[in-house]
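Grab a pencil and have the model open on your screen.

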Amino acid sequence: MRLRHKPHAIPTMQESPYIIFDPENHKGSWKDLFKNNNEIELEIGAGKGEFIVGKAINETNKNFLALEMNTNAFVAACRKIEENELTNVYGIVGKAEDLLDMFKQNEISKLYLNFSTPWPKKRHNKRRLSHQNFLKLYQVICKNGAELELKTDNEDFFEGSLAYFQEFGMEIIEVNRNLAEEKSIVTEYERKFRNKNMPIFYVKAKFK
């Protein structure tokens with residue numbers, strides 16, 4: 001779904017202390033930003049931020065980062081962080097392709113991919129955030145044994161992702177092809193699928 005252009009989005013986020021436009025300046029020092037040594041978890045493709053804000057509210061003993069390139073969507077995440085007066089979550093405006101410019105080795109403890117663009121055409125599969133091309137980047141910035149959780153409504157994307165994880169040598173911890181609502185932070189986006197009785201596919205895997 002294409003979001004309406006919001007000319008105020010970037011200026012609004014630039015005024016917020018919770019949105020980072022220069023993540024390369026924090027490479028290797030993200031814990032200094034949070035002012036503690038808690039584990040840092042990262043959502044890639046955070047959209048409007050409902051999931052990561054929910055995690056930050058429920059797990060105050062952890063730090064969270066949300067990466068998103070679409071500023072029209074991300075401005076909503078900025079508002080949610082500010083409204084909840086959260087100090088354990090920051091947003092990053094940027095692309096997954098540039099992760100190695102943002103993070104040093106072993107800075108991230110866990111990754112989340114929620115309802116990523118499925119890129120259904122075979123020639124576009126390499127753009128999937130679950131593809132081996134991205135798994136190589138994730139493995140560098142993640143600690144040994146870090147987990148990756150993926151949720152999607154797209155079965156083809158899910159099965160493809162599961163295959164990518166296995167081919168990459170990851171340990172598959174949990175697979176659920178119809179995730180119960182009570183086991184999920186249900187965002188507005190996810191709610192649309194659940195209201196249509198569409199299954200939500202979920203996998204948890206670990207980097208070896």
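**Exercise 1.** Sort the lining of the second largest pocket into nonpolar, polar and charged residues.

*Solution.* Start with the classes: Ala, Val, Leu, Ile, Met, Phe, Trp, Tyr, Cys and Pro count as nonpolar, Asp, Glu, Lys and Arg as charged, and the others, Gly among them, as polar. Next, go through the lining: you get five nonpolar, two polar and six charged residues. E149, L179, K183, S184 and Y202 are the ones nearest the centre of this pocket, out of 13 lining residues.

A word on the model: it's predicted, so local features need pLDDT of at least 70 and side-chain atom pairs pLDDT 80 or more, while totals for chains, interfaces and linings use all residues. Residues are numbered from 1 along each chain as its sequence is written, and side-chain values use heavy atoms, leaving out hydrogens and water.

**Exercise 2.** Find which strand gives the most to that lining.

*Solution.* First, list the elements that supply at least two residues each: α3, β5 (108-114) and β6. Then pick the top one: β5, with three residues. (Strands are DSSP runs of E, at least two residues; helices are runs of H or I, at least four; both are numbered from the N terminus.)

**Exercise 3.** Now describe the lining of the largest pocket by class and by element.

*Solution.* By class, count 16 nonpolar, 13 polar and 14 charged residues. By element, α8 (188-195) is one of those supplying at least two residues, and its four residues are the largest share. Finally, look to the centre: G47, E68, N70, F115 and T117 lie nearest it.

Definitions and conventions: On a 1 Å grid over the protein atoms alone, a cavity is a set of points where a 1.4 Å probe fits but cannot get out, and a pocket is an open set with protein on both sides within 12 Å along at least five of seven lines; lining residues have an atom within 4 Å of a point.
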